[in-house]
There are 2 protein chains.
Amino acid sequence: MTDAMKSRICYAVDTAFDQQVSFLAALTAFRSTRGNEQAAQDFMAEALVARGYEVDRWQIDLDEIRHLPGFSPVAEPYDDAVNVVGTHRAKAGGGRSLILNGHIDVVPAGPEEMWDSPPFEPRVADGWLYGRGAGDMKAGLVSNLFALDALRACGLAPCGDIHVQSVVEEECTGNGALACLARGYRADAALIPEPFSEHLVTAQLGVIWFQVHLKGLPTHVAYAGSGSNAIEAAIPLIDALHRMEARWNAAANRTADYAHMDHALNLNVGRIAGGDWTSSVPAWCVFDVRMAIFPGQSLDAAQAEIGQVIRDAASEVPFLREARPEIVWHGFLAEGYALSQDSSARATEAIGALEAAHRGVTGAGLTREAITATTDARFFGLYADTPALVYGPRAEAIHGFNERVELDSMRRITKSTALFIADWCGTEEI
Amino acid sequence: MTDAMKSRICYAVDTAFDQQVSFLAALTAFRSTRGNEQAAQDFMAEALVARGYEVDRWQIDLDEIRHLPGFSPVAEPYDDAVNVVGTHRAKAGGGRSLILNGHIDVVPAGPEEMWDSPPFEPRVADGWLYGRGAGDMKAGLVSNLFALDALRACGLAPCGDIHVQSVVEEECTGNGALACLARGYRADAALIPEPFSEHLVTAQLGVIWFQVHLKGLPTHVAYAGSGSNAIEAAIPLIDALHRMEARWNAAANRTADYAHMDHALNLNVGRIAGGDWTSSVPAWCVFDVRMAIFPGQSLDAAQAEIGQVIRDAASEVPFLREARPEIVWHGFLAEGYALSQDSSARATEAIGALEAAHRGVTGAGLTREAITATTDARFFGLYADTPALVYGPRAEAIHGFNERVELDSMRRITKSTALFIADWCGTEEI
């Protein structure tokens, strides 16, 4: 690709950038939390149709994925779980194919009064677009779409097939991406513009979700003895889980990508609910835990150890002697994944192409990062032999209040994505 | 009163007892939790009207009570807070007057699957009637009504005015009873058949309710450092409150009625809620606390100390340094009350009359008990110079699962209530 062509592509991104920001604002305005993604998916499907892509919009069928590796148990019904994939078919063909993946689901906004402005009324200020999901990861979804638009504006189309995926459930199971695999979508590489500051993600952790359900015999507080309270019974269990977290983070357990991190694996008590009445000794308490594991760490062994830790701790709690805690695996059972361990030619070439594109836009080398979260990349990398490049814009306060994405960063990512596509797939004239 | 008359009254209770149990079952079937008392109050009002009492049914007006001693702050609107009082006016008169008080509100049932049978589908088994509120205290309300019925069946009416009160809010503020005072209801004594095993309550604790609201800046768990979690920030605050609980229970602080109890004052974390998403570090957590105080212990000083304990503990929690916890007084600000300290002639006579009635029915002396809860008795005793006798049937698992009241105990209480009324007020022929 000539420097002139690179400039033309980047110029095309600049030309359409106001429109791209408007599109991102419109997409961020959808309150597409889990179970509420349909309207946002309709919006994505319309945008894909308008651009002339073949659009596949389907409801996920649990029976088609529950037996597959990487499947995570589901707490909610899937009636509203709809994936959208737009496909560009190369005319002449001969180039490499690519999946451009992103997720439409966003995490809950939390108490809205803690936001400076309403989370689903996006606003631009000081070069950032604010709103729940703006960074994680609607900016990435939009970048995928507008990178392809930029090529088209230059009279170019990718020489390989492209699947633009807008999936659900990234934030709790990954079953949206898994359903795309089950439906047969494959390519020579995948790009996922998750918001990691324009770094290339070379490793990601696995994530396990579980709920601990405690229950017992309540009573009027007038008769409460010590140790009879379901809410307080949770405390020593949480302590024990933190001791497990410390063991798992020990230097001896770390993989190479995480050797320099003292505390890559974070245990999070993310939600708690218990009791019904201030003057009734609470008979029940449920708390939700997220725990991470290293790439290569056995999911089965991790689950078994969690179970043992809870059982052992519960045996010391008087309230729990009669009714042992129940563990419910209500989401992620996700293995870790390290692109850094993929020594295939395709991986090397894909990373090389992305590095060149990044340098072409930023003038700088591509920073590698091992992240302390998971992404849908694991499905491509672990279960479809497809190198998955996670590379997206800079965002702040994802999962927090005043989540925001830096617009100049989204602009750069869109440009380097366009250059990457042109390089990886090759181009043909429209 | 002749023994023959006593026997006739008791026989009248026995005769109507099946009907009384049916009435209790019907009343227990109402799901009269806070805010949902209206249908049950309609049922009570109809029963009072059917018996020919003057019925006063009114919505509590906060403006009429908020300035009164004993008022507790209210978390919910009062649109549904309706009191019912039925009044019997003595014909000839000359006897002492009496308030027969009970509360219609019940505490939440909790997870209904933890009940052996549905909490609002009352059932009788082995001499007990099961259902939420059956013991606390619909059996008492029903006993009041049927004790008067028994006198009537004997051709008798009390010689003094009787106010049969069915009040709301006993379980969270006591403002229902306070509103009766504000409306002008007064008598020479009050009887409240709360379920304390046919004992006479000689002292009750004060109760304080508060919520602790914690909030801060959440983030994706991938970036969670220690001390950033609102749910876990609650733990050291709860610990500090338990240390305060231990101090307050120290022998030096106990009043005479509680000198023998190591732990009369129970602190209860009755409810907790926090966080929105398993993989988001929780930004908020709210927990509800009930704490008791001794009769005579200053409510103001207790509130001040609670505030100080929370502030001091919060200053040690990194998460809370930026955003101090907020304390919300969302219910009971109730002083303790000790009938044992009432040396008035009226109190002595009322207790004597109840003791005689109890012995007449059971053949045994009246057991005195200092209870570790509060009741509406404090309003009569502290703010209306009226001795308040708390004396009701045996119940189990109040505020728990499978709450139940012993029917033979309710029968005895109804009989001794009828005998007490006849003695205290005197009787005249209908």
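Analyst: A polar contact here is a pair of N or O atoms within 3.5 Å; within protein, one must be able to donate a hydrogen and the other to accept it. The model is predicted.

User: With which side chain does the side chain of A:Asn229 make a polar contact?

Analyst: A:Asn229 sits in the loop between strand E10 (206-215) and helix H7 (230-248) of chain A. Leaving aside its neighbours within four places in sequence, A:Asn229 is in contact with residues including A:Phe319, B:Asn268 and B:Val269. The polar contact, at 3.4 Å, is with the side chain of B:Asn268.

User: Is A:Asn229 buried or exposed?

Analyst: The cut-off for buried is under 20% relative accessible area. A:Asn229 has 8%, so it counts as buried.

User: What is the order of the strands in the open sheet of four strands in chain A?

Analyst: The pairing in this sheet is antiparallel. Strand E4 (123-125) and strand E17 (395-396) of chain A are the edge strands, each pairing on one side only. E17(A) pairs with strand E18 (residues 404-406) of chain A over two bridges. The order is E4-E5-E18-E17.

User: At about what angle to E18(A) does helix H12 of chain A run?

Analyst: Helix H5 (residues 134-153) of chain A lies across strand E5 (128-130), E17 and E18 of chain A, at about 45° to E18(A). Helix H12 (residues 407-425) of chain A lies across E4, E5 and E18 of chain A, and its angle to E18(A) is about 60°.

User: Why is H2(B) described as roughly antiparallel to H3(B)?

Analyst: Helix H2 (residues 17-28) and helix H3 (residues 38-50) of chain B pack with their axes 9 Å apart, at an angle of about 150°. Angles over 145 degrees count as roughly antiparallel, so that is the description for H2(B) and H3(B). The contact involves residues including B:Phe23 and B:Leu27 of H2(B) and B:Phe43 and B:Met44 of H3(B). The contact residues are seven nonpolar, no polar and no charged, and the angle behind the description is about 150°.

User: What is the omega of the cis peptide bond between A:Asp136 and A:Met137?

Analyst: A:Met137 lies in helix H5 of chain A. In chain B, a cis peptide bond joins B:Asp136 and B:Met137, with omega about -5°. For A:Asp136 and A:Met137, omega is about -5°.

User: What is the phi of A:Ala397?

Analyst: A:Ala397 is in the loop between E17 and E18 of chain A. With 26% relative accessibility, A:Ala397 is partly exposed. Although A:Ala397 is not a glycine, its phi is positive, about 60°.

Conventions: Residues are numbered from 1 along each chain as its sequence is written. Chains are lettered from A and ligands numbered from 1 in the order in which they are written. This is a predicted model: local features need pLDDT of at least 70, side-chain atom pairs count only at pLDDT 80 or more; totals for chains, interfaces and linings use all residues. Side-chain values use heavy atoms; hydrogens and water are left out. Two strands pair if DSSP finds at least two bridges between them. Contact means heavy atoms within 4.5 Å. Axes are lines fitted to C-alpha atoms, for helices over the stretch in contact, and angles run from 0 to 180 degrees between N-to-C directions. Angles under 35 degrees count as roughly parallel, over 145 as roughly antiparallel, 65 to 115 as roughly perpendicular and the rest as oblique. Ala, Val, Leu, Ile, Met, Phe, Trp, Tyr, Cys and Pro count as nonpolar, Asp, Glu, Lys and Arg as charged, and the others, Gly among them, as polar. Buried means under 20% relative accessible area, exposed over 50%, partly exposed in between (1.4 Å probe, protein chains only).
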